[in-house]
Amino acid sequence: MSGGDEPRSYYVGMDVGTGSVRAALVDQRGTLLAFADQPINQWEPQFNHHEQSSEDIWAACCIVSKKVVQGVNLHQIRGLGFDATCSLVVLDEQFRPLPVNREGDSHRNIIMWLDHRAVSQVHRINETNHSVLQYVGGVMSVEMQAPKLLWLKENLRETCWDKAGHFFDLPDFLSWKATGVTARNCTTKEANSRFCGIPEDSIRETQAEISVHVHTLSLCSLVCKWTYSAEKGWDDSFWKMVGLEDLVTDNYSKIGNQVLPPGASLGSGLTPEAAKDLGLPPGIAVAASLIDAHAGGLGVIGADVKGHGLACEGQPVTSRLAVICGTSSCHMGISKNPIFVPGVWGPYFSAMVPGFWLNEGGQSVTGKLIDHMVQGHAAFPELQAKATARRQSVYAYLNSHLDLIKKAQPLGFLTVDLHVWPDFHGNRSPLADLTLKGMVTGLKLSQDLDDLAILYLATVQAIAFGTRLIIEAMESAGHSISTLFLCGGLSKNPLFVQMHADITGMPVVLSQEVESVLVGAAVLGACASGDFASVQEAMAKMSKVGKVVFPRHEDKRYYDKKYQVFLKLVEHQKEYAAIMKGD
């Protein structure tokens, strides 16, 4: 795929995030040619219960797909790739939605990734100390699928659990919806050997001939969120130990028994029905999907960095950490050999980059936290009015306001007396403590726009300190990281990017295409089309460096001191909890 005179090939990347569906038309060089987005509904019937609709999401996919291919020669569209949040979709045996709520509303058939209803269930799962937990940092998160499945069994037995025929991770639901795959000629051995480089004789064959009512699943989703092992398959003893033994029945038909690596081509491609819905040519290649954060990692981590003065130039790709920062933040580090990091998910083999082990750190609801802090402040209406008058976003206005009030000192020094611990939704990594709460110290009686701007800055800094804590945990376990590759909505905020560089002491690489998650999804479609020999080749050709932000090392001492305070905050929070639990 090189040379300037070749015919242009296009790929559609589709990204289902927390609040919207986005699509892009991308060419074989990774250039984004068209973009569209569509909001999707969310329901929160009670605290910590978050639900969506698979029908609503598919309808949004159809809208954005048709928009990005308007005016394009459809014969040049070669492949389609999906990524999505790791939310749980529930369908009956006829693939109809089932309710995941006590109201019995079957339209709401998705338990969202950020749903924390299954706290009791995840505690019981973790008390088993089963060996599969070593691949999720030693502690399973409430955001994974096993506790959600157990909650459904224990709370919605008659209306949902007993009627369920299929439990999908949302990325896999989208791939199934596009292909209708219920039979597959390519075996798990063949696909993994081609795409991941795993020797065929070392791969567990789950099923040679796939029968009706079996859905094909991405290795990414099942390994990262369902305890599947790329090398050993499902562990019967885990499901039986946690009370979900009924899933073992019929060779795991309800949760998937044919598993393919990301980028593998599914079935006969796009079905005529799905093609009509999406406005795409029938039969084009549809790839096995990725979780949204992993697609972002795929879209950035393989870029050629020559000539940018970066330490990772000439070094293995394992020296790079992809940070995908949107509603939440995910930290993707890869290694040639498995590395077990306490409190960090993984190692997962071939879950993002084929042939590499993945560790995934994370911070829950980072983007949502910034919104929460800003929108809940007394000065927010004033901020909104002033930003609207300037035709700016509230965050662009806050960034410019911080520049005004910092005077002669570095901007980051405005928070010398204000410190935030950001775990308002618990800690995902590396402490893996769902009970932790947010903290703010240094508040005053004043509530003007200056105070709001400084609180916003302290919150952004706290998220960057959380990234530093995750990096330190990964490096202590054996990773060697020199460069951050950021993508996602928050990476468009220059303050967020600069604080990550300054606080970690590492340069931050931003992609030429800001919609790196969509490029990652398109990489999958490109690989499935056969236009590239492997995911690695497509990744290298389609991701490019746009900008590098270097840390201001002269501010290092200040941030080192703030980091000490950051660590004291959580230490003190645990002390307070111990006091309150004491006699």
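Helices (H or I, at least four residues) and strands (E, at least two) are DSSP runs, numbered from the N terminus. This is a predicted model, in which local features need pLDDT of at least 70, side-chain atom pairs count only at pLDDT 80 or more, and totals for chains, interfaces and linings use all residues. Residues are numbered from 1 along each chain as its sequence is written, and side-chain values use heavy atoms, with hydrogens and water left out.

Let us start with the largest pocket, whose volume is about 860 Å³. A pocket here is an open set of points on a 1 Å grid over the protein atoms alone, where a 1.4 Å probe fits, with protein on both sides within 12 Å along at least five of seven lines; lining residues have an atom within 4 Å of a point. The volume is the space filled by probe spheres set on the points, which are joined across faces, edges and corners. Of its 37 lining residues, C325, G326, T327, G488 and G489 are the closest to the centre. Helix α11 gives the most to this lining, with 4 residues.

Now turn to helix α2 (residues 119-127), where Q121, V122, I125 and N126 are buried, meaning under 20% relative accessible area with a 1.4 Å probe and protein chains only. Because these residues cover an arc of only 130° around the axis, they lie on the same side of α2; the arc is that of the directions from the helix axis to the C-beta atoms. After α2 comes N129, with a positive phi near 55°.

Note on methods. Buried means under 20% relative accessible area, exposed over 50%, partly exposed in between (1.4 Å probe, protein chains only).
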